[in-house]
There are 2 protein chains.
Amino acid sequence: MAREIAEQPAALARTLQALRPQRAELQKLAADRRVVLFVARGSSDNAAIYGRYLLEVHAGRASGLAAPSVATHYQASIDLSEALVVCVSQSGETEEIVETQAWAAGRGARTVAVTNDGASSLANAADVALVTQAGTELAVPATKSYTAQLAAMAVLAGSLAPEPDALDADLDRVPDEADRLISARAGVDAAAEKLASTAEALVSGRGIAFGTALEAALKLEETCLRPVRGLSYADLRHGPIAVVDSDHVALLVSASDGPMVPGMTDLAHDLRRRGAAATIGIGGDNGFADAVDIAVPGPDLPELVAPLALIVPAQLIVETLARQLGLNPDAPRGLSKVTQTDPA
Amino acid sequence: MAREIAEQPAALARTLQALRPQRAELQKLAADRRVVLFVARGSSDNAAIYGRYLLEVHAGRASGLAAPSVATHYQASIDLSEALVVCVSQSGETEEIVETQAWAAGRGARTVAVTNDGASSLANAADVALVTQAGTELAVPATKSYTAQLAAMAVLAGSLAPEPDALDADLDRVPDEADRLISARAGVDAAAEKLASTAEALVSGRGIAFGTALEAALKLEETCLRPVRGLSYADLRHGPIAVVDSDHVALLVSASDGPMVPGMTDLAHDLRRRGAAATIGIGGDNGFADAVDIAVPGPDLPELVAPLALIVPAQLIVETLARQLGLNPDAPRGLSKVTQTDPA
């Protein structure tokens with residue numbers, strides 16, 4: 001996992017370079033499509049959540065997440081003739097995603113596959129395949145394949161925006177920022193130590209960085225075998241915040257700018273008042289860093305592209321924590337690389 | 001909370017009777033709308049998830065959950081001229097929901113409010129208000145207001161289906177089934193006792209009953225102050241299942257028929273093999289009841305309408321567990337009835 005975390009700057013640069021030439025193709029495919037629907041599970045689902053926010057906030061295109069069971073278990077008859085359906089799967093072979101893509105195409109959808117394998121079932125059946133250039137990923141927890149998917153989301157959303165190259169300059173800075181965070185490891189060991197010392201953890205973020213928070217929670221859960229909840233701060237405030245006590249460490253994820261920083265900072269103060277064991281903050285601005293107990297610096301990137309590197313410190317924390325707990329971060333208990341969601 | 005759980009059969013019957021006459025109005029409003037989007041938080045969000053599946057599976061209408069922050073924080077400019085936007089809030093006064101409704105209307109959406117207060121901001125501003133007849137709800141955890149929202153979802157989805165009265169006969173049986181489950185309390189005490197004895201809980205369901213599982217998890221979390229994760233079985237299998245060990249009790253929620261029963265039954269077997277402390281099953285068929293350690297009977301209702309009563313045993317378990325833990329189920333720590341999701 002450590003090695004593949006370190007390969008991300010190169011994987012991100014390769015993926016951005018490989019996918020940008022497909023912009024015109026994507027524009028044409030989506031020209032008469034009023035809504036974009038994502039189909040994914042696990043880390044790919046967290047990448048899709050970033051894609052969804054970026055499409056709505058940056059490209060102004062209505063977007064959402066499809067429920068695969070509507071296709072696979074209920075075979076619902078829905079008119080998708082105005083939908084672009086984007087299926088995201090590292091392997092391109094997760095059965096329910098492949099099946100949902102076929103269902104969508106059969107109901108009039110145009111389809112885009114985001115996958116790391118250009119020869120996969122998903123890529124072969126799609127109208128357009130965005131093939132990420134992560135290279136072979138050996139560790140079970142997704143790292144470079146996940147950030148490469150985020151790069152694909154940025155290219156996709158950028159393609160459908162009024163100015164398709166508006167994000168390019170910032171995206172070009174992503175590989176160096178990821179590289180800088182990997183080398184610096186600032187705050188990573190302190191954060192892992194704090195997480196090792198408590199039984200309960202929750203992870204929060206919101207908006208453009210919400211998928212990053214969910215991905216950090218998923219990695220903590222599947223790699224460190226910690227029961228962790230990932231929640232938007234709005235959902236957290238709406239009820240579950242009541243459980244926070246001195247057994248809980250909160251991991252808060254924020255971009256360094258944008259409309260979510262005040263709410264994330266306020267949440268950090270609130271969690272401290274409620275007696276949380278500790279708050280760990282990844283990213284944010286100076287006010288946010290002051291509000292948390294352990295501040296882990298994030299990338300110097302604007303909110304819209306920050307997720308491509310903001311996950312890096314979380315990955316380093318997870319990898320460090322797994323080793324501290326005596327676990328093998330490359331092959332967590334009970335997981336496999338190509339996941340099937342229903343019994344065979 | 002116990003009193004309001006008991007008021008549900010009457011609240012459900014009143015709500016169904018009050019809202020059915022609005023079918024024609026809903027059909028007219030939605031006639032040229034290709035997609036239905038829900039806006040909600042907390043228990044209302046869980047009701048919306050039922051609404052979303054029912055609309056897709058039963059009415060064949062594309063549907064999804066909007067991300068309120070796209071409106072409230074990013075003020076995204078999205079064309080919603082083919083969308084019906086359904087805002088769900090018991091009080092009708094949660095600011096972000098009211099604000100998102102105004103944003104949607106300003107971008108061309110037609111709007112439906114589902115609220116328990118016909119004089120609320122949400123109801124006043126909507127094109128059509130579906131006013132649930134739960135009566136005043138005093139306990140902070142939603143019970144009768146939630147099931148009344150589910151009744152509104154059934155009327156809404158039914159209205160947009162090819163045969164608008166197809167679910168009527170089954171819906172008419174809901175109040176009696178809810179009443180029967182409240183009186184019987186079968187398995188409730190045993191389930192609460194098991195949950196009291198372990199530190200970790202997870203809740204799973206899928207498809208039409210997925211919202212029920214999430215609502216059970218939310219109630220356990222906010223009322224019993226248990227950190228609980230609610231996951232579809234597909235998401236659970238896709239990674240988080242790795243954390244299950246002898247500290248974990250799993251609460252599994254299933255309708256008695258439909259395509260999810262085999263997967264839920266298989267999940268129960270799998271969790272036992274993985275050494276879970278116990279599995280509690282609400283609903284399901286005989287095979288499912290045999291596969292779990294504690295079987296809590298659900299309603300005798302087909303899957304499409306089962307959620308209206310399937311939550312009842314979960315509510316009874318939560319209320320019983322809260323008292324066993326010495327907590328006040330009517331006024332959980334740190335929560336209020338009208339929730340705001342951002343600092344004032």
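Predicted model: local features only at pLDDT ≥ 70, side-chain atom pairs only at ≥ 80, totals over all residues.

Reply: Two strands are said to pair if DSSP finds at least two bridges between them.

On one side, S4(B) is paired with strand S3 of chain B, residues 83-88; the two strands are parallel and share five bridges. Within S4(B), Val114(B) is the residue that faces Val88(B).

As to accessibility, a residue counts as buried when its relative accessible area is under 20%.

Elsewhere in chain B, helix H4, residues 42-57, contains Glu56(B). Because its relative accessible area is 7%, Glu56(B) is classed as buried. Its contacts, leaving aside residues up to four places away in sequence, include Arg61(B), Ala62(B) and Ser63(B) from chain B. From chain A, Glu56(B) touches Val70(A), Ala76(A) and Ile78(A).

These last contacts lead to the assembly. Chain A is superposed on chain B by a rotation of 180° with 0.0 Å of shift along the axis, at an RMSD of 0.0 Å. The two copies are thus related as by a two-fold rotation axis. Both use the same surface, since 100% of the contact residues of chain A recur in chain B.

Each side of the contact is formed by 64 residues, from chain A and from chain B respectively. Between them the chains bury about 5200 Å², of which 56% is on carbon and sulfur atoms. Of the area that chain A buries against chain B, 13% comes from Arg41(A), Tyr74(A) and His238(A), more than from any other three residues.

Finally, the record: an unreviewed UniProt entry places the feature "domain: SIS" at residues 25-166 and 191-332 of chain A. For residues 25-166 of chain A, the end C-alpha atoms are 18 Å apart, with 43% helix and 18% strand in the span. For residues 191-332 of chain A, the corresponding distance is 21 Å, with 44% helix and 19% strand.

Technical notes. Residues numbered from 1 in each chain as written. Chains lettered and ligands numbered in written order. Heavy atoms only, no water. Helix = DSSP H or I, 4+ residues; strand = E, 2+ residues; numbered from the N terminus. Buried < 20%, exposed > 50% of the residue type's maximum accessible area, 1.4 Å probe, protein only. Contact = heavy atoms within 4.5 Å. UniProt positions renumbered as here; feature names shortened; annotations may be inferred. Least-squares fit on C-alpha atoms with pLDDT ≥ 70 in both. Buried area = accessible area lost by both parts, 1.4 Å probe.
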